[in-house]
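Here is a short note on the model, for reading beside the coordinates. The points begin at the ligand and then move to the packing.

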Amino acid sequence: SSLLNPSYSFDNFMVGGSNQFAYAAIKSVSENPGKVYNPVFIYGGVGLGKTHLMQAAGNVLQNTGKVVIYATVEQFLNDFIRHVKNKTMDRFQEKYRKCDVLLIDDIQFLSNKEGIQEEFFHTFEALKGTGKQIILTADKHPKKIGGLEARLQSRFEWGLVADIQPPELETKIAIIKKKCEINKVKLSDEIVNYIATVIESNVREIEGILSKLHAYSQLMHVDIDIEFTKNVLKDQIKENRQNLTMDTITNVVAKDLNIKPSEIRSKGRSKNIVYARRISIYICRELTQSTMPQLAQYFGMKDHTAISHTIKKINDLIEKDEDFKVKIDELTNKLSSSS
Ligand code: ADP
Ligand code: MG
């Protein structure tokens, strides 16, 4: 087991649609441990705030004098092995079965480990039986973890199971602003919005970006402006772009412009279809590895000469038509973050 991180507080946790259920569940057990939902089981993808939330409850409860234990499954397992070796299992049991609040992180690692599942089962029973609060996290719903004893799996669903989804744009913006405030990094709204649209939903990745920006600006004695940000993020964006397909691009463009993807790929000549098709072709050319013949085939054109003619036309338009360029930039940013 290890210490709680004091910066993982409820105040520092930004709440939005993606995490409000999990937040409410954890908040309520931090106010009423052992009384309302037991256990609380939070699940969701990497870097979405599970550890932060569970430790926020731990911090609150510790401050009210409760004995709180936080451990990842790995730490719990190592502790177990050590006590078995030293023949001090009584102390192991004393520690984990007599605390007021037990936080066990990344439960999916119990999968297919029978010995530790057995020990954890008895820990769980002892705590639950004496009304002590248990909070668990995992990357999946208990039903989906697999390799778990049935009695454990069912107990994980006894209290409340809540998921955390990737943050939506507004939540990402709120998180970025919060992290900037905590780390005393100054960013304009334009830059905050840019990072939020371009970077995927993993919050840990966003934090990495912020510290990278901060470090670069300090080392190079420059202010963090939008050009600088785009430069620093260039590699990140390229990585995210790699698995974009022409389908994804066409779907996103179609949705944005309120027409059907099939219309973009049709031979339709109406103004809005041609407009959407040009944008799609340009972005597919920029963001995918598709060749000219592949593009021609996908967009229903005769051959690669037809497509290269179209691309030339689009490049002319980008120079002349500011609105067209802005639209392409906007959709490119959006797509770079959605793959
Ligand atoms: P997980 O345990 O789900 O992999 P973490 O709890 O370790 O994710 O979160 C990764 C980082 O992202 C942490 O530094 C955490 O503070 C931050 N984070 C995640 N979600 C939020 C949020 N909603 N508000 C503020 N910070 C968040
Ligand atoms: Mg975690």
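1. The shell around ligand 1 in this predicted model divides into 6 nonpolar, 6 polar and 4 charged residues. Here nonpolar covers Ala, Val, Leu, Ile, Met, Phe, Trp, Tyr, Cys and Pro, charged covers Asp, Glu, Lys and Arg, and polar covers the others, Gly among them.

2. Of the 16 residues around ligand 1, Gly49, Lys50, Thr51, His52 and Val203 come nearest (a residue is near if its C-beta atom, placed from the backbone, lies within 6 Å). At least two shell residues come from each of helix H2 (50-63), helix H8 (169-183) and helix H10 (203-219); helices are DSSP runs of H or I, at least four residues, numbered from the N terminus.

3. Domain 1 (20-164) and domain 2 (169-241) each give at least three residues to the shell around ligand 1. The bounds come from an automatic or database domain assignment.

4. Isoleucine 42 is in contact with Ala22, Ile26, Lys50, Leu53, Met54, Thr137, Ala162 and Ile164, leaving aside its neighbours within four places in sequence (contact: C-beta atoms, placed from the backbone, within 7 Å).

5. On confidence, the chain averages a pLDDT of 91, and 97% of the residues score at least 70; pLDDT is the predictor's confidence in each residue, from 0 to 100. The model scores ipTM 0.99 and pTM 0.74.

6. Residues are numbered from 1 along each chain as its sequence is written, while chains are lettered from A and ligands numbered from 1 in the order in which they are written. Because the model is predicted, local features need pLDDT of at least 70 and side-chain atom pairs count only at pLDDT 80 or more, whereas totals for chains, interfaces and linings use all residues.

Definitions and conventions
Two residues are in contact if their C-beta atoms, placed from the backbone, lie within 7 Å.
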